[in-house]
Amino acid sequence: MNKKQRIPCMIMRGGTSKGVFFLENDLPQDAALRDQTLLKVMGSPDPKQINGLGGATSVTSKVAIVSVSKRPDADVDYLFAQVSVDKPVVSYKGNCGNILSAVGPFAAERGLVKLEEPLTRVRIYNVNTGKLIESEFAAENGSVKYDGDYAIAGVKGTASPIRLKFIKPAGTISDKLLPTGNVLDDLEVPGVGTIQASIVDAANPLVFVRAADLGLAGNESPAQMEGIPGLLEKLERIRGVAAVRVGLIEDYEKSAWECPGLPKMTLVAEPKDYTASDGSAVRKEQIDLLVRMMSMQKPHPAMAMTGVMCTAAAAVLEGSIANQVLGQDVDFSRIRMGHPGGIAEGGVSFREKDGQVEIESTTGFRTANLLMAGEVFCC
C-alpha cells in the first residue's frame with residue numbers, strides 16, 4: 001500500500017470562486033506528475049469530486065500555484081490551473097481573476113511578501129497570460145484583514161475590498177486586443193448557422209455574442225439556460241469555432257478537451273430587469289448591459305473577474321457586440337454589468353492612437369477569505 005503524500009496548502013475563496021493554493025516548491029516539478037497530483041487533490045474526474053477537495057463545479061475546482069518572482073517588476077508569480085470536474089484534464093490556458101484576488105493575501109500568509117499597514121500592494125505576474133496585475137488589500141495588526149463592509153454579488157455577506165489593476169491587459173493569446181483583427185466576425189457554426197461575434201482579448205479572451213441571436217433575452221438564470229434543449233451544445237460549438245478562428249485549436253469538436261476554458265463564451269444584451277440568484281431585484285436602470293458567461297461548458301453562476309475586465313475593454317470598442325448593447329450615458333470608469341448573481345463593476349483606462357484603441361489598464365474590486373490552512377493527503 002502506497003504511503004500518502006502530505007502537501008501543504010490553503011483553501012481560499014477568491015471573488016466568486018474557491019480554490020486550493022500551493023507554493024510552487026511543494027508540488028512536483030515534473031509537469032505530468034503535477035497534473036496527476038492536482039487531479040487527485042481535487043477528486044477528478046468525478047462529477048461529485050467526492051474523493052477530493054473540489055466542489056463539483058468549475059468555479060470550485062481551481063488551483064493557484066505561487067512562488068517568489070525572479071522578475072524585477074513583480075513580487076510573486078502566479079500560475080492558474082483549471083481542473084476539470086468530470087474529465088482528466090488540467091488546463092493552464094488563461095487566467096482566473098477571481099482566484100487572483102486571493103493570491104496577494106496568500107503570498108502574505110506564506111511570507112512571500114511583507115505586509116504593509118494599512119494597505120499592502122503586491123505585484124503579481126500571471127504566468128498563464130504573461131501579464132502584470134497589481135493587488136491592493138488591507139492589513140491590520142500584522143495580519144491580512146479579511147473582514148470588512150464591502151459586498152460583491154454572488155458572495156453572501158461582506159468582506160474587506162481587494163483592488164485589482166490589470167496593467168496593459170490586451171493580448172494574452174497573441175499581441176492583439178482583437179485577435180482576428182476585426183471588431184466583428186461572422187462565424188460559420190455547424191448546426192447553428194452564421195453567428196456574428198466579437199472576439200476580444202484583454203485579461204482573457206472572450207467571444208461576445210448577442211443573446212438575441214440565440215433567441216434569448218439575456219437575463220435568463222443559469223438553471224433556465226441549462227433547461228433549454230440544445231443550448232449548451234450550441235454555445236460550445238460557437239466557442240469551439242471561435243477557438244479555431246484565433247488559432248487555439250484546429251478542430252472545433254475537440255474544444256472541450258483541448259481548450260476547455262478559452263475563449264470564454266459570453267452572451268450580452270441590453271439592460272433589462274431580472275431577479276438575481278439571491279432573490280434580489282436588479283433593475284435595468286442599475287446596469288449598463290446584461291452579461292451571461294459560460295465556465296467549462298456550464299453557465300457561470302456569477303461572472304469571471306477576467307470576464308469583467310475584458311467586457312470593460314470590449315465596451316469601449318465602437319461597433320463591438322458589447323458596445324452595441326450598452327445603455328445610455330455609460331461611465332467607462334465604472335461599467336455596471338448585470339450577471340446572474342447581481343452586479344459587477346469594472347473600469348477601463350484607454351486612449352486612441354493612430355485610429356486604434358489602446359487599453360492602458362482595467363480595474364475592479366473583489367474580496368477573498370482564508371478558509372483552511374493545512375495539508376492535503378495525496379497518494
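User: Why is phenylalanine 332 called partly exposed?

Analyst: In this predicted model, phenylalanine 332 has a relative accessible area of 27%. Buried would need under 20% and exposed over 50%, so phenylalanine 332 falls in between and counts as partly exposed.

User: And what makes phenylalanine 350 partly exposed?

Analyst: Its relative accessible area is 29%, and that lies between the cut-offs of 20% and 50%, so partly exposed is the label for phenylalanine 350.

User: What makes the rings of phenylalanine 332 and phenylalanine 350 an edge-to-face pair?

Analyst: Their centres are 6.0 Å apart, which is within the 6.5 Å limit, so they pair. Their planes stand at 90 degrees, over the 60 needed, so the pair is edge-to-face. Phenylalanine 332 sits in the loop between helix H8 and strand S18, and phenylalanine 350 in strand S19, so the pair ties together parts 18 residues apart in sequence.

User: How do you know that the charged end of lysine 87 sits over the ring of tryptophan 257?

Analyst: The distance from the ring centre is 5.8 Å, and the rule asks for NZ within 6 Å of the centre and within 35 degrees of the ring normal. Lysine 87 is listed as sitting over the ring of tryptophan 257.

User: How do you know that the span of helix H5 agrees with its number of residues?

Analyst: H5 has 15 residues, and at 1.5 Å a residue they should span 21 Å. The end C-alpha atoms of H5 are 21 Å apart, so the two agree.

Technical notes
Residues are numbered from 1 along each chain as its sequence is written. This is a predicted model: local features need pLDDT of at least 70, side-chain atom pairs count only at pLDDT 80 or more; totals for chains, interfaces and linings use all residues. Side-chain values use heavy atoms; hydrogens and water are left out. Helices (H or I, at least four residues) and strands (E, at least two) are DSSP runs, numbered from the N terminus. The expected span of a helix is 1.5 Å times one less than its number of residues. Rings of Phe, Tyr and Trp (its six-membered ring) pair if their centres lie within 6.5 Å; planes under 30 degrees apart count as stacked, over 60 as edge-to-face and the rest as tilted. Buried means under 20% relative accessible area, exposed over 50%, partly exposed in between (1.4 Å probe, protein chains only).
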